[in-house]
Structures are given as structure tokens and as C-alpha cells.
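We'll take a walk through the parts one stop at a time.

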Amino acid sequence: MKILYPFIAVIGLIVIAFLGAEAGLSSLFGIVIPYLAIIIFLVGFIRKVVDWSKSPVPFRIPTTCGQANSLPWIKQNKIECPSTMSGVLKRMFLEIFLFRSLFRNTQADIYDGPKLRYGSSKYLWLFGLMFHYSFLVIILRHMRLFTDPMPFFIPILRFGDGFLQIGTPPIMMSDVVILTGLLLLFCRRIFLPKVRFISLPADYFPLFLIFAIASTGCLMRYFMRTDVIYIKELAVGLATFHPTIAGHISPLFYIHIFLVSSLLIYFPFSKLMHMGGIFMSPTRNLANNSRMVRHINPWNDPNLTPHSYASYEDEFREFMVEAGIPVDKELPPKAEETPAAEEKA
Amino acid sequence: MYDKGKVITGLVIFVLIVTFPVWYNVRGAQHIPNPKILTKVKHCVKPLDYMRADHMKLLIDWRYEVVREGDRAKVTVDGVQYERSLVNGCMKCHVSEKKFCDQCHEYVDVNPYCWDCHIKPKETE
């Protein structure tokens with residue numbers, strides 16, 4: 001069920017777009033919905049990030065991945081536990097570009113004995129890298145359809161990506177890698193029992209959706225081609241706010257663009273927000289400098305003043321002595337009269 | 001909001017990246033490609049719609065059959081014979097690479113490697 005429902009949802013989206021395109025609603029699916037989607041994406045994304053940034057971060061969260069800054073003869077791990085801004089920048093760079101914390105993933109196994117064994121588990125890291133980088137290249141290369149004249153990086157990407165010159169139009173390596181990456185990410189969720197147990201429909205849905213987007217794109221490029229000139233006229237029109245659909249474009253294109261719109265609309269409300277969230281992870285973006293800088297909890301009540309032990313003892317010394325609790329400073333001599341007074345009474 | 005400066009800077013960069021096509025297109029004038037045939041011929045081996053979407057498939061199939069399988073038979077459509085060749089076939093009517101092929105290819109960043117093997121016909125005019 002956890003796999004079936006998101007699968008049906010994606011099939012449903014494809015059917016909606018196909019029927020819409022067949023019914024001649026091309027301007028709805030080609031113009032109105034994409035605009036709506038990009039607005040929801042931007043506004044939703046910004047609201048989410050602003051909402052996150054309203055949460056106070058009262059203290060630094062030192063992670064245990066590396067040695068913190070300590071005595072001079074203990075070597076600090078400056079990337080895993082940085083105490084300066086430059087160290088944090090290095091850690092963030094490695095996290096964002098190389099997914100360093102996924103590289104550390106481990107997996108616990110029980111095998112004959114029974115014995116517990118921890119081993120490294122790099123599947124998510126490797127498949128994630130494959131998927132994210134090829135998706136990035138594909139999105140950048142799509143700018144060839146949205147811009148006229150084109151930016152400088154388009155021919156460079158086309159050369160590098162299609163450099164194997166297999167077939168006509170040449171196969172883009174990013175297309176192969178993204179489909180393989182998605183397939184492997186899906187296999188990881190269904191074949192690793194523990195990962196399968198914690199996977200939810202919200203994990204499968206984006207996988208299926210992006211797989212459908214990539215496969216409709218590949219179909220249009222390699223197998224069921226449609227007139228790309230009309231598509232570019234529409235895409236440039238969308239970017240310059242004069243969208244026109246100049247001729248017949250196949251339903252496959254409307255399915256593709258409707259799925260992309262769905263992804264954009266779904267994005268701000270889903271786990272895909274890790275795109276913004278990675279920049280806001282406290283365990284990654286805070287320097288462990290608690291020993292050099294005083295961090296004040298922003299929700300402290302300003303009426304509560306610090307209460308040191310010395311002043312606490314001053315306040316309760318009599319009771320503490322009476323109860324036999326040891327005190328740093330004995331009661332002043334006049335206090336000794338009190339027991340005597342009591343005896344008299 | 002905490003760390004206002006950093007969060008807002010980040011969001012501004014994000015919006016600029018997402019809206020890249022919008023502000024990039026403002027810099028230059030957009031044009032729609034206008035491929036010119038330059039000869040008076042009005043017929044082709046396949047209908048216009050097919051050619052607009054799938055001409056590369058036709059060319060690569062011809063290449064395979066002619067060059068790799070050695071089948072040089074001509075193709076007859078509506079009583080007219082065409083040689084299955086880029087330079088001696090297609091470019092008999094679509095004479096100018098610059099005014100025909102490149103118009104759309106440059107528009108959508110397509111760079112076929114025809115001239116790695118073929119000798120480019122001279123552009124007249």
C-alpha cells in the first residue's frame with residue numbers, strides 16, 4: 001500500500017494531463033498551470049524558510065564527529081568540529097556538494113552467533129550523488145529551451161554530456177545516470193528491510209514523480225519526438241511573459257510539463273525542502289565556539305536574574321545549617337545566639 | 001526571525017537562480033527561427049510535420065542503410081526519385097546550411113556532427 005498509492009497518484013497525474021491535452025486544454029496545461037506552479041513553489045519555499053528561521057537556536061550543537069577545539073596539544077578536527085566561520089564554510093561546502101554526512105551512514109546487522117555488526121552503508125550517498133548531479137545537469141541544460149540567446153554554459157554542457165556520441169540525437173549521460181540513480185534509490189527502499197520498514201508514501205511519491213518526469217523527457221528526446229521549436233517558443237514565451245502555443249505539440253509534452261508543475265507545487269510542502277533545509281541545519285552550520293563566545297538563550301525571561309550558588313547559600317544558609325547540609329561559609333556569630341535563645345524559651 | 005541578514009540574502013540568491021530565464025532574456029532580443037529553402041521545390045520525402053520532429057531519425061537510418069549496409073537504392077515518393085544522401089539528396093533542395101539547418105539547430109543548441117565526415121558544400125551568394 002505504501003508503494004501502491006503514490007504509484008497510482010503519479011499514474012493519475014499522467015492520465016489527467018493526457019486527457020487534458022487530448023481535450024484541447026493546451027493553454028491550461030502549457031501556460032496557466034506552469035505559472036501557478038512556479039508561484040506556489042517560490043512563495044511556499046520562502047514561507048517555509050522564513051518559518052524555520054523564526055525558531056531560536058539557543059546554543060551551539062557540537063557534533064561528535066570530530067575532536068573539538070581544546071588544549072593546544074590536542075589536535076582539533078577543523079572540518080568535523082569547526083570553531084571558526086571558515087571551518088563552518090568548509091563543512092557546509094562538503095555537505096552540500098558531496099553529501100558528507102551520508103557518507104558516514106552505517107548499517108547494523110545481526111549474523112550467526114548471534115553477533116551484532118556495524119558496517120558502512122554508502123548506498124544512499126552514492127545513489128544520491130548520481131541522482132542529484134544528473135538532475136542538476138538536466139535542469140541547467142533545460143535553460144537552452146527557456147533562454148534566447150543562450151547562456152555560455154549550454155554548449156559546454158551539451159558537449160560534455162553528449163560526448164559519447166551514441167545515436168541521434170546523441171544520448172546524454174545525465175539521462176542514463178538519473179534513471180539509473182532513481183531506480184537504485186527505489187531498489188534501496190524495497191530491498192533493504194530496515195529502510196523498507198521506515199519508508200512512507202511521501203518517500204515513494206517523489207521518486208515515482210521524478211522518474212516519470214525523467215522518462216517522459218527521455219521518451220520525447222529519443223523515441224517519440226515532437227517539434228522542439230514550438231516547445232522552445234512556448235518556454236521562452238513563459239519566461240518573457242508572452243506565452244504562445246504556435247503549433248501542435250504532442251500530449252507527451254503536456255504530460256511532462258504537468259508532472260514538473262506537480263513537482264513544483266508539491267515541493268514546499270514535502271521532504272524535498274531539504275534543498276533549503278540543508279543550509280539551515282544547526283548541526284552543520286553552527287561553529288562549536290561555546291567556549292569562546294557566550295550564547296544567550298533568546299527566550300530567557302529578562303526578569304529572571306542569574307542566581308549563583310554563593311547567593312543561593314546566602315539566602316538559605318540558616319535552613320541549610322539547621323538541616324545539617326554542609327555550607328561553604330559558616331553562619332555569622334550572632335546566628336549562634338538563636339539556639340541559645342530557644343533553650344531559654 | 002533570527003539571522004535575518006543571512007536568511008534574506010540566501011532567499012534573494014535562491015529567487016534569482018529560479019527566475020534566471022526571466023532576467024536573462026531581458027538582455028537580448030528573442031527571435032523565432034526562419035529556415036529558408038531557397039529553391040522552388042514544394043515536395044519532400046516525408047510530410048512537414050514528420051520532418052519537423054523526426055528528420056534526424058530519417059537521416060541516421062539512411063546513413064545506416066547506405067553507408068553500413070551498402071544499399072544505395074534511391075527512394076521514390078509521389079513519382080519523384082530522391083537520392084538517399086545528405087549532400088546529393090537533401091541539400092539539392094535545402095541548399096544552404098546557414099539559412100536552413102543552422103536556423104533551428106542554433107536556436108535549440110543542437111550540434112550534429114555531419115561535417116565530421118561530409119565535405120561542407122560551398123555556400124552560394
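Predicted model: local features only at pLDDT ≥ 70, side-chain atom pairs only at ≥ 80, totals over all residues.

Let's start with the big picture. Chain A is assigned two domains, with domain 1 covering 4-285 and domain 2 covering 311-344. Their C-alpha centres lie 69 Å apart. Chain B also gets a domain 1 (1-30) and a domain 2 (48-116), and here the C-alpha centres lie 43 Å apart.

Now zoom in on helix α6 of chain A, residues 153-161. Which of its residues are buried? They are A:F153, A:I154, A:L157, A:R158 and A:D161. Look down the axis of α6(A) and these buried residues fall within an arc of 135 degrees, so they line one face of the helix. The spacing makes sense once you know a bit about helices: an α-helix has 3.6 residues a turn, so residues three or four places apart point the same way. Turn to the face of α6(A) that looks away from the buried side, and you'll find the exposed residues A:I156 and A:F159. And what do the buried residues of α6(A) pack against? Their partners are α5 (123-146) and α7 (173-191) of chain A, together with α2 (20-26) of chain B.

Here's another spot where the two chains meet. B:F14 sits in helix α1 (residues 4-18) of chain B. Its relative accessibility is 11%, so B:F14 counts as buried, the cut-off being under 20%. Leaving out neighbours within four places in sequence, B:F14 is in contact with A:F41, A:L42, A:F45 and A:M275.

Some greasy side chains stay on the surface, though. A nonpolar patch there includes A:M1, A:L4, A:Y5 and A:I11, and the whole patch has about 890 Å² of accessible area. One of its members, A:I11, belongs to helix α1 (residues 4-22) of chain A. With 39% relative accessibility, A:I11 counts as partly exposed.

A:P34 is in helix α2 of chain A, and it is buried, with a relative accessible area of 12%. A:P34 and A:L264 are 230 residues apart in sequence, but their C-alpha atoms are 8.8 Å apart in space. Not counting residues up to four places away in sequence, A:P34 touches A:L28, A:F29, A:I257 and A:S261.

Time for some charges. Over all chains, the structure holds 17 salt bridges. In one of them, A:R100 pairs with A:E80, and the closest N and O atoms are 3.1 Å apart. A:R100 lies in helix α4 (residues 100-103) of chain A while A:E80 is in the loop between α2 (26-53) and α3 (85-98), so the pair ties together parts that are 20 residues apart in sequence. A:R100 is partly exposed at 30%, whereas A:E80 is buried at 7%. These two are also linked with A:R104 in a network of salt bridges.

A:R284 and A:E95 meet at 3.7 Å, N to O; A:R284 is in helix α13 (residues 282-285) and A:E95 in helix α3, 189 residues apart. A:K271 is partly exposed at 40%, while A:D203 is buried at 12%.

Finally, the backbone. Most residues other than glycine have a negative phi, and most peptide bonds are trans. Now look for the exceptions. A:G113 and A:P114 are joined by a cis peptide bond with omega about -10 degrees, and A:P114 lies in the loop between β1 (106-111) and β2 (115-120) of chain A. The bond from A:D148 to A:P149 is cis too, with omega near -5 degrees; A:P149 is in the loop between α5 and α6 of chain A. Over in chain B, B:L38 has a positive phi of about 75 degrees, and B:D78 has a positive phi near 50 degrees. B:D78 is found in the loop between β1 (75-77) and β2 (80-82) of chain B, and B:D78 is exposed, with a relative accessible area of 76%.

Technical notes:
Residues numbered from 1 in each chain as written. Chains lettered and ligands numbered in written order. Heavy atoms only, no water. Domains from an automatic or database assignment. Buried < 20%, exposed > 50% of the residue type's maximum accessible area, 1.4 Å probe, protein only. Helix = DSSP H or I, 4+ residues; strand = E, 2+ residues; numbered from the N terminus. Arc of directions from axis to C-beta. Contact = heavy atoms within 4.5 Å. Patch = residues over 30% accessible without salt bridge, like charges linked within 9 Å, V, L, I, M, F, W, Y side chains within 5 Å. Areas by Shrake-Rupley, 256 points an atom, 1.4 Å probe, with all protein chains shown as cover. Salt bridge = Lys/Arg side-chain N within 4 Å of Asp/Glu carboxyl O.
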